[in-house]
Amino acid sequence: MSNNDVSPSAFDGLAALSEAIQSASAERPLRIVGGNTKAFYGRPVEGTPVSTREHRGITSYDPVELIVSVRAGTLLSELEEALADQGQMLPFDPPHFGAEATVGGTIAAGLSGPRRPWAGSVRDFVLGLRVLDHQGREQRFGGEVMKNVAGYDLSRLMVGAQGTLGLITEVTLKVLPLPTASASLRLEMSQSEALSRLAEWGRKPLPLSAAAWHSGALHLRLEGGTSSVAATREAIGGDTLEADFWRELRELSLPFFRDASTPLWRISLPTNTPSLDIAGVEPHQLLLDWAGNQRWLKGQVDAESLRDAVAQAGGHATCFTPGAAEPFTPLQPVVAKYHERVKRKLDPDGIFNPRRLYPDW
C-alpha cells in the first residue's frame with residue numbers, strides 16, 4: 001500500500017505553521033501543541049500556541065519495505081491501526097497518555113514503552129524528518145534507509161528535544177512485524193532475586209520483550225515464534241498474567257501510578273544495576289521496568305539526594321510530576337555548553353518551546 005498524494009489541506013496546514021513561525025520572535029515565542037497529552041513532561045511553556053493537528057495523514061506506507069511516512073498531526077492511534085491492519089507495529093511501544101496523542105508529540109517526547117530494551121528506542125527507528133526551521137522553511141533530514149551518518153544526525157537529534165529545536169512536520173519510521181506468539185507470566189520473588197534472574201536470562205537467547213517487578217512479583221512478557229515462546233514459558237514457569245498489564249504499565253495507569261498527590265520519579269540506570277539504597281524509600285514505593293534499567297519511584301524524597309544516589313550508579317532521575325521546579329537532571333557544564341550551542345544554532349531567537357527542557361533556553 002502506498003499513498004503519495006498530498007491533499008490541499010496538507011499544504012494549508014503547513015503554510016499556517018510556517019506563517020506562525022515567521023511571525024514569532026524572542027518576545028513572542030511559540031508553544032508547539034499536538035494532542036497535548038504530554039504537556040506535563042518538562043517545564044511549562046509560555047508562548048503563543050501553534051497546533052500541528054491540521055497537518056495530518058499517512059503520506060507513504062510500504063509494508064514490504066517496513067517503512068512509513070506520516071505527518072506530525074496524525075493521531076498515534078490512527079497510525080498504529082494502519083500498521084496493525086498489515087500485521088506490523090511501532091517496535092518502541094510508545095505511550096499515548098490520552099486518545100489525542102499525535103505522532104509529532106511522540107517523536108518530540110522520545111518516550112518508549114516496556115519493549116524498549118529488547119526492540120530499541122524511538123530514535124533507533126527514525127529514518128528521517130521534515131522540520132520547519134526558525135525562518136519557517138521546511139528542511140528535510142535523513143532518508144528512508146538505515147545507515148551510518150557522519151557528523152550530526154539532525155533527524156535523531158530532534159527525538160526527545162521536546163520541540164525546542166524546530167517544529168516537526170513529518171517523520172519516516174522503520175516498522176516491524178507483530179510477533180507470531182505472545183505470553184505474559186507472573187512469578188513471586190524479591191526485588192534482588194528478580195534482578196539476579198533477569199541478569200542471568202539476559203545472557204541467554206530467550207524471547208523476552210518486557211520485564212517488570214513490583215510488590216514481590218516479577219512480570220514477564222515473551223514474544224516470538226510459537227515454539228520458542230512455548231518452550232520458554234514451560235522452562236520459566238509462573239502464573240498467567242493478563243496482557244493488559246503491559247498497556248497499563250506503558251500508559252502509567254496501573255494502581256501504583258494513580259495517586260496524583262505523590263511525586264513520581266523516573267530513574268534511568270545502566271544494565272544490571274543492583275538495588276539502590278535510597279534514604280527513606282521502601283520497596284513498595286518502587287516499580288522496576290525495562291528489566292531494572294528504568295525504575296519508577298512514587299514518594300516524597302529529597303530531589304538532590306535522590307539524584308546524587310542515582311548519579312553514583314551511572315544514571316539520572318526525572319520528575320514526572322507536573323510543576324516540578326527541576327524536572328530534568330541538570331547537565332554537567334561541559335555537556336550544557338554543547339546543548340546550548342546546538343540550541344542557538346538551530347533556534348537563534350529562542351522561539352521554539354523556550355525553557356521546556358532547561359531554565360536558560
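**Exercise 1. In which helix is S18 found?** Describe its surroundings as well.

*Solution.* The model is predicted: local features need pLDDT of at least 70, side-chain atom pairs count only at pLDDT 80 or more, and totals for chains, interfaces and linings use all residues. Residues are numbered from 1 along each chain as its sequence is written, and side-chain values use heavy atoms, with hydrogens and water left out.

Step 1. S18 is found in helix α1, which covers residues 8-23. Helices (H or I, at least four residues) and strands (E, at least two) are DSSP runs, numbered from the N terminus.

Step 2. S18 counts as buried because its relative accessibility is 13%. Buried means under 20% relative accessible area, exposed over 50%, and partly exposed in between, with a 1.4 Å probe and protein chains only.

Step 3. Leaving aside residues up to four places away in sequence, S18 touches L132 and G136. Contact means heavy atoms within 4.5 Å.

Step 4. From C-alpha to C-alpha, S18 and Q135 are 7.9 Å apart in space, while 117 residues separate them in sequence.

**Exercise 2. Determine where W246 lies and which residues it touches.**

*Solution.* Step 1. W246 lies in helix α8.

Step 2. With a relative accessible area of 2%, W246 is buried.

Step 3. Not counting residues up to four places away in sequence, W246 touches P114, S184, A210, A211, A212, H219, L220, R221 and L241.

Step 4. The C-alpha atoms of W246 and G113 are separated by 8.6 Å, although the two residues are 133 residues apart along the chain.

**Exercise 3. Describe the largest cavity and the largest pocket.**

*Solution.* Step 1. Rolling a probe the size of a water molecule over the atoms shows where empty space is left. On a 1 Å grid over the protein atoms alone, a cavity is a set of points where a 1.4 Å probe fits but cannot get out; a pocket is an open set with protein on both sides within 12 Å along at least five of seven lines; lining residues have an atom within 4 Å of a point. Grid points are joined across faces, edges and corners, and a volume is the space filled by probe spheres set on the points.

Step 2. The whole structure holds 1 cavity of 30 Å³ or more. The largest cavity has a volume of about 120 Å³. Its lining consists of 15 residues, of which S112, R250, L252, Q294 and W296 lie nearest its centre. At least two lining residues come from each of α8 (244-250) and β16 (294-298).

Step 3. The lining of the largest cavity has 9 nonpolar, 3 polar and 3 charged residues. Here Ala, Val, Leu, Ile, Met, Phe, Trp, Tyr, Cys and Pro count as nonpolar, Asp, Glu, Lys and Arg as charged, and the others, Gly among them, as polar.

Step 4. The largest pocket has a volume of about 1,000 Å³. Of its 38 lining residues, G160, H316, F328, H339 and Y358 lie nearest its centre. Helix α9 gives the most to this lining, with 5 residues. By class, the lining of the largest pocket has 19 nonpolar, 13 polar and 6 charged residues.

**Exercise 4. How many aromatic pairs are there, and how is the pair of Y41 and F320 arranged?** Include the other ring partner, F328.

*Solution.* Step 1. Rings of Phe, Tyr and Trp (its six-membered ring) pair if their centres lie within 6.5 Å; planes under 30 degrees apart count as stacked, over 60 as edge-to-face and the rest as tilted. The count comes to 12 aromatic pairs.

Step 2. Y41 and F320 form a tilted pair, 5.1 Å centre to centre, with 45° between the planes. This pair links distant parts of the chain, 279 residues apart: Y41 is in the loop between β1 (30-33) and β2 (48-51), and F320 is in the loop between β17 and α10.

Step 3. Y41 is buried, with a relative accessible area of 8%, and F320 is buried at 6%.

Step 4. The ring centres of Y41 and F328 are 5.4 Å apart and their planes lie at 80°, so this pair is edge-to-face. F328 is in the loop between β17 and α10, 287 residues from Y41.

Step 5. Ring pairs link F40, Y41, F97, F256, F257, W296, F320, F328, Y358 and W361 into a cluster.
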